[in-house]
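Subject: Structure for your review

Hello,

Here is the structure we discussed.

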Amino acid sequence: MTYFSFKHAPNLALAGTVAATLAAALPASAETVLKMVPHADLRNIDPIWTTAYITRNHGYLVFDTLFAMDENLEVQPQMAEGHEVSEDGLVYTITLRDGLTFHDGEPVTAEDAVASIKRWGARDGMGQKLMRVTESVEAVDDKTLKLTLTEPYGLVLASLGKISSNVPFIMPKRLADTDPNKQIEEIIGSGPFEFVADEWQPGNQVIYKKFEDYVPRDEPASYAAGGKVANVDRIEWRYIPDAATASQALMAGEVDYYEQPAVDLLPMIQSDPGIKVETVDPLGTQGVIRFNFTHPPFDNKLVRQAALWSVQQADYMYAIMGDPQYFEEFCGAYFMCGGPYETDVGSEPLREKDVEKAKALLEEAGYDGTPVVILDPTDVPVAHGQALVTAQALRDIGMNVELAAMDWATMTSRRAVREAPSEGGWNIFPTWWLAADQLNPITNISVAASGDSAWFGWPENQKIEDLRNAFAQETDLEKQKAIVEDLQAELYDFVPYIPTGQYYQPTAYRDKVKGVLTAPVPFFWNISVE
Amino acid sequence: MIAYIIRRLLATIPIMALVAVFVFMLLHLSPTDPALIIAGDFATPEQVDEIRRQLGLNAPLYQQFLSWAVNLLQGDMGKSIYSGLPVTTLIGQRVEPTLMLTLCTMLIAITLAIPLGVVAAWKVGTWIDRTVMTLAVFGFSVPVFVIGYLLILGGSRKLGWFPVQGYTSIFDDFGGFVSHITLPALALGAVYMALIARMTRATMLEVLNEDYVRTAYAKGLATRKVLVKHALKNAMVPISTTIGLGVALLIGGVVVTETVFAIPGLGRLTVDAVLRTDYPVIQGVILVFSLTYVLLNLLVDLSYVLFDPRIRY
């Protein structure tokens, strides 16, 4: 498309001269650029300092990982050449592969990996759990590191190959030595793309350029594992906050790839034959309604069960996604449908909505009309829709509901308030987690029930914690599955949260974009632009 | 006159100090805690406290204010809590798009609205007057974002004359700048044009009934000369006041326009910072906006001298 531009002033002689000069000066092939609209603005560039998904996506471009999850949800070596486990299962020896170089030209050493693991282990939930059973992690030589455990732990590789926030990215030691609670000030990784700091404009654009010295693995790309081949010279993240404008920009060809188009605008986008709309994340996302266990009425199990019987997933999914092709009709698995630990044990209350039963449970619980404060972040449609549906369902069974409207930032602060709902606290808040975060009882922190140290809502249930620990120590998949069945039965009785459904976020891109990978995280290697 | 300007400039110091105190207090009394946003879902309370300490948010409020104020006096507005970039850098990146958008909007609005208002007053009661006033009511009533979307639909998608979004610096590519700024300036200018056109018409109607206008006509002056030289010049004092005050309206509209057209300006920076409670950025941007507004008011007051020789400072 041509726009009105003074550039096009007809001075053909000059234009010819310039063209000839440029042709002589430029290399034979022009720079290939992928212009994309990310789902959020990149404000923080340190993927260990923040759990924001946008920073995780940025991290995958710039950094690399020792291990990575493939499309069979199995952990494969990435920067690692391989690893050995001692017979007692307590010592993991990991060797780095050849050709690993940081963007500043320095080679990647085991010292860098050790420092990176330690920093990640101080911040990430799964990392903290690993560190609790880790006696030491140290470099043996430049290419070998050794991790020694205090007791057998079944999730060492699953932790180091964790696919979602916080991902154990490997940084140079000088950066990884930064206090984990302080943001690193320079982005030097060993990933397939370099971060162009000079061109970063928070709220507008992020630029990456191909790292010429990156040596990809030979295997084909598969989720975060396999060969990360950079097929474009430059990637431009252009943050367009308005969904309608971003859609129009894609249709006008000003951008090539739109990570998360609004579902209600999809019919318009799909009317353009040059655009593909696909669900690139096959695992999807889980909606979450979280209770506060420290204040009435949801400190009472019967009231939580009443809430569970009062809702049905379809109501939530229609409210937040609208189109049934983008959500599961029903998914009763706390650890996601399609994941290795999928089971529907105990899910009857969620499958069979029963208002009368819910009312009976409420009566049995002796609910006295205590107001229920639901936090309602109106600026985030996924959360807002869930708040509204929950409010109506609870009102239908006779609960006294107050919707507290606010923005997301305020909600992230208020959900940490432990005072009573009448004094600035809360009873329920809505949120969501990517399936990649919910796949097992350790990464799914919403099922943790360790009281004060648990996730917001602070549930306490020793049986759940024992089952989670048993799961972590078990190394056999079948035995892990059996533990998950017991765990899920207890979860549906205890109700730490309501899984409000599993949905899939579509992505739209122009048909000149090839090689888009199917994965729970948008990866940009393997992609080419024709 | 120069003494007056100096007095006014000195008066901006206590005004800016008040703005600084007010903005600081208002922000820090809000219930949002940036440390909790940064800490995310896995952090322990101890880690949240540590982040708060690193950001200097655990110090008593007066200490936080004093350290911010002292740095501010040295030209240091602090660093963004999130990106870690200096606030002056962030504002520096965003000044040009917003300044250019505002200037182009004013240019388009003033160039179009004043003649339209003059003609409407001259042809009062005719179809011309009614058309101009209908357009003014439209410009006044339709929200900026609706006008923005309509312009995108027409100017970008149907005609293909302009890009949908983005900004090109005037220093990089003048043609690209013009093509990127036209639609946003028109969208933002609608309400401003409506305001100026209505004010011009109302003031001109008053002036056109004055005796000296009748005298000017009686002595045989051409209509154009009467309208522009005698009537408009006398009507300019309230019009320039409206133009000046209307800039406040523009600043509000800039936020929406920059969002609709994805222009990386100060308006977007403000909204993004507010949504994340990025204290140093919000404080910095509001100070810049306030200073601009105070200086603009001074310029408006000084412009009166040009239009009305009776006014002396």
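Predicted model: local features only at pLDDT ≥ 70, side-chain atom pairs only at ≥ 80, totals over all residues.

Residues are numbered from 1 along each chain as its sequence is written, with chains lettered from A and ligands numbered from 1 in the order in which they are written.

Chain B
Chain B has 12 helices and 0 strands; helices (H or I, at least four residues) and strands (E, at least two) are DSSP runs, numbered from the N terminus. Its C-alpha trace spans about 85 × 55 × 35 Å along the principal axes. Of the 313 residues in chain B, 39% are buried. Here a residue is buried with 20 or more other C-beta atoms within 10 Å of its own, exposed with 12 or fewer, and partly exposed in between, the C-beta atoms being placed from the backbone. Among contacts in chain B with a separation of 6 or more, 72% join residues 24 or more positions apart; a contact means that two C-beta atoms, placed from the backbone, lie within 7 Å.

Chain A
The mean pLDDT (the predictor's confidence in each residue, from 0 to 100) of chain A is 92, and 95% of its residues reach 70 or more. Residues 1-28 of chain A stay under 50, and the model has 19 contacts beyond four places in sequence for them.

Helix α13 of chain A covers residues 381-396 and reaches 23 Å from its first C-alpha to its last, close to the 22 Å expected (1.5 Å times one less than the number of residues). Its buried residues include Ala383(A), Val389(A) and Leu394(A). Gly398(A), which follows α13(A), has a positive phi near 95°.

Met406(A) belongs to strand β17 (residues 401-406). Met406(A) counts as partly exposed because it has 18 C-beta neighbours inside 10 Å. Leaving out residues up to four places away in sequence, Met406(A) touches Leu375(A), Asp376(A), Pro377(A), Met411(A) and Arg414(A).

Contact between the chains
The contact takes 41 residues from chain A and 47 residues from chain B. On the side of chain A, α14(A) gives the most, with 5 residues. That side divides into 14 nonpolar, 16 polar and 11 charged residues, where Ala, Val, Leu, Ile, Met, Phe, Trp, Tyr, Cys and Pro count as nonpolar, Asp, Glu, Lys and Arg as charged, and the others, Gly among them, as polar.

Regards
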